[in-house]
Amino acid sequence: MYLRKLALAGVFALMGTTAMAACAFENTTPLKSLTAGFEAWKSATGAMAECGNFTAELDQEFATKQAAAFGASPSLYHIGGVANETVVPLINGGLIRPLDDLVAKYGANLQPNQLIKVDGKIMAIAMMVNTQHLMYREDIFTELGLAVPTTYAEVLTAAEAIKASGKVEYPLGGTFKAGWNLGEEFVNMYMGLNPVMVNADGTPAINNEAGIQTLEMLKALTAYMHPEYLTSDSTFVQQQFQQGKIAMANLWASRGGAMDDPAESQVVGKINGAAAPAAVAGGAPATTLWWDGIVIAANITDAEAEAAFQVALEGIDTEMVTAHSDDAIWLIPGYTPGRLAGGAIATATATPSAPSYPSTTTQGLMHGALGNQLQAFFTGEKSAADTLAAVEADYTAAAKEAGVLK
Amino acid sequence: MKTRTFAAFVAPSLVMMLIFIAAPLLYVFGQSFYLTTPVTEQMTVETCTPGFLTQNCTQETKSLPKLDEAGRIVTQTQFVGFGSYRAIIEPAKAWAAISTFDYRALMAIDFWRALRFTLMFTFVTLPLVLLVGLGVALAVNNTARTLRGPVIFVSLLPFIITPVIGALAIRWLFVSDGLLNNGLEWMLGHPVSMFSQGWTIEILMMFYRVWHVAPFAFIILYAGLQTLNHDALEAAMIDGASRWQRLRYVIVPHLMPLIIFVTLIHLMDAYRVFDEVVGFRAEAHVISLQYLTYDFLIPDSTGNRSISRAAASSMLTMVGILILLIPLLRRTWAQHRGSR
């Protein structure tokens, strides 16, 4: 499930520079951060480095080591980059500190919706939202006179029309790579039908009519995808778009900027974004809202935490956002959305709105079980019902080991 | 060599092996019988996360681990016997499938699916590696002396490449818009997708492994050919033995100990097949036993992992290798005693 983790993990460090050009204060405490490695984090940690004495570690596989590193005494990193699910082990283990005091002291410029609150306490500062939404080839849609789909039934109709026109061989792209990606596709579609994946008592809740419908819709979509869809991750779909091989995909907002990058893309200006399609007409967009943000380690001195918080805020200030506005859907004041951010913003502000991806251990376990078991349905080894039963069994075994199910 | 001198030479490596191999192995063996879980309690927590303009606050009932005074997660460890092994092998389900000859039901269990592929991979690649290795060794042995150096160097290249890199290279050549895949499509005149079904991926994996490991067999067997007794070969020729008969009755028996050595090493390596699954992104269609262990061990994004099942799975892999090696080890042992 986690092979995006091994083979292609890129680890590289931006060494702290002594130039303090754009930083409001001079940092004298040596600080380290551990975050994911995508564009938005490169921009944010780059801006943090301007304060001096700062070393950033950007690693797409940061989640496998973050809890252990923050659990050390003292913590190996001062600043962490997290998202909905990766913050869970840090909060559960008591490894990050509440930020209420620091926000009161230094956070005057933060927007209220940037504050991630758990049980009333501010535990993280969000810098951006991310979501999967519909990207499509506007030129093909205009030429064929197609309306932009708002439900998945319409996606299938549009795909059929595009296939018949012969504009592209495979109208749809999808992040269906076995493992985490395929699990995420299921979560998106399922939550569009039924928001409950795990019951309050920790038992699985996906083996039902909504589960079957989800699998059947996903299978129907794959008929319009490249046959190697079970190896297709976000980068593959992005490249399919850039090379003009697909006409539609439900893809991460953070991939939008690459579509208009003339160095990589052959379809500059031809791709547009819309809200993620709903699973049923009138329903919420069948996708989940994610946030990425910063946390401060618990196992460091208060002085270090104070310096770390100030440096972190310098990394996610208005100055950084205006310089890198196309890297993400920023939550930071001063952000002006670019052309390709429209679809993601439409998804995030839709009524009814798409749910936030649940930050719970059980959801992580469920996502893992889905990632392990779903491919058997797509390769034809198991029926939809058998697949969901296998997911249930996989989840139950893992949940018992994790102590969340008796 | 005197016993004392022998012991002095061997001791450092023995100590290293005890510390770095035997001790972890015993530890993992012990671990596979225990299950450590955090103590959790149900709590309802309000969580606020950002939408784009507003904040979404939800009440969620979560299972949260208890923390002790020092802020560490409280865990409890219990003896579960063969529980983790049962969770992997699923004996009841497997037996039901076997007794009703339901192949699909058996393959629906990850362990058996992985075992099926691992065994097939091992036993298909073994003879191919030996044949290709022996063929190249004989060919090099018969080329002109001046050419041998460069030929040996070129033949060894696949073995030098890092396995994951080699697997990735093969994947990129055969993926949908890869170079060789486009060539195949041009030749056959219809679209080819090597990575959209299990059997083509398996063929590519075996092809890759043979390409990668055959040089090892080659260099060992080539070294063996240098010690061949030329009197025996000439005697065979005078007796009128054909090329094939000389190979069958003189060369192969001479190389037999080396062939067994290569077989031994290859069985151990092939049974632990892993790089190919990762490099080819094959986990949707094909998994191996070693991949299964890895999958249990790697934490998911919320930090959960199955240490006990990973330990049990790696023990099962080791047992499998031992079973495969027993006939060969017995044979080597018998020869060793015979030669004393």
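This is a predicted model: local features need pLDDT of at least 70, side-chain atom pairs count only at pLDDT 80 or more; totals for chains, interfaces and linings use all residues.
Let's start with the interface. Chain B and chain A bury about 5400 Å² between them. Carbon and sulfur atoms account for 53% of that area. On the residue level, chain B puts 59 residues into the contact and chain A puts in 72. Which residues of chain B lose the most area to chain A? They are F52(B), R281(B) and S301(B). Together these three make up 14% of what the chain B side buries. Keep R281(B) in mind; I will come back to that residue.

Now the charges. The rule finds 3 salt bridges across the interface of chain B and chain A. One of the pairs to look at is K177(A) with E283(B). Their side chains meet in a salt bridge, at 3.7 Å from N to O.

Strands cross between the chains as well. Strand β5 of chain A, residues 115-118, is joined to strand β2 of chain B, residues 40-50. The two run antiparallel, with 2 bridges. Find K117(A) on your screen: C48(B) in β2(B) stands opposite. Next, follow β2(B) onward within chain B. β2(B) pairs with strand β3(B), residues 55-65, over 11 bridges, again in the antiparallel sense. The two strands form a hairpin, with 4 residues between them. P50(B) has Q55(B) in β3(B) as its bridge partner.

Next, one helix in chain A. Helix α6(A) covers residues 152-165, which is 14 residues. How far apart should its ends be? At 1.5 Å a residue, the span should be 20 Å, and the end C-alpha atoms are 20 Å apart, so the two agree. Look at what is buried: Y152(A), V155(A), L156(A), A158(A), A159(A) and I162(A). These residues cover an arc of only 170 degrees around the axis, which means that they sit on the same side of α6(A). The face turned away from that buried side carries two exposed residues, T157(A) and A164(A). And what covers the buried residues? The list includes helices α5 (138-144), α7 (180-193) and α8 (209-222) of chain A. It also includes strands β7 (172-173) and β8 (248-252) of chain A. Just after the helix comes G166(A), with a positive phi of about 75 degrees.

That brings me to backbone geometry. Most residues other than glycine have a negative phi, and most peptide bonds are trans. Here are the cases to check by eye.

Chain A first, with cis peptide bonds. The bond from S73(A) to P74(A) is cis, with omega near 0 degrees. P74(A) lies in the loop between α2 (63-71) and β4 (79-83) of chain A. The bond from T351(A) to P352(A) is also cis, with omega near -10 degrees. Look for P352(A) in the loop between α13 (342-349) and α14 (361-373) of chain A.

Then chain B, with positive phi. E90(B) is not a glycine, yet its phi is positive, about 45 degrees. E90(B) is placed in the loop between α2 (83-89) and α3 (91-99) of chain B. Its relative accessibility is 28%, so E90(B) counts as partly exposed.

Finally, back to R281(B). Its phi is near 50 degrees, positive in a residue other than glycine. R281(B) sits in the loop between α12 (275-279) and α13 (289-297) of chain B. Buried or exposed? Buried, because its relative accessibility is 14%. And R281(B) is one of the residues of chain B that lose the most area to chain A.

How values were computed. Residues are numbered from 1 along each chain as its sequence is written. Chains are lettered from A and ligands numbered from 1 in the order in which they are written. Side-chain values use heavy atoms; hydrogens and water are left out. The expected span of a helix is 1.5 Å times one less than its number of residues. Buried means under 20% relative accessible area, exposed over 50%, partly exposed in between (1.4 Å probe, protein chains only). The arc is that of the directions from the helix axis to the C-beta atoms. Contact means heavy atoms within 4.5 Å. Two strands pair if DSSP finds at least two bridges between them. Buried area is the accessible area (1.4 Å probe) that two parts lose on being put together, summed over both. A salt bridge is a side-chain nitrogen of Lys or Arg within 4 Å of a carboxyl oxygen of Asp or Glu.
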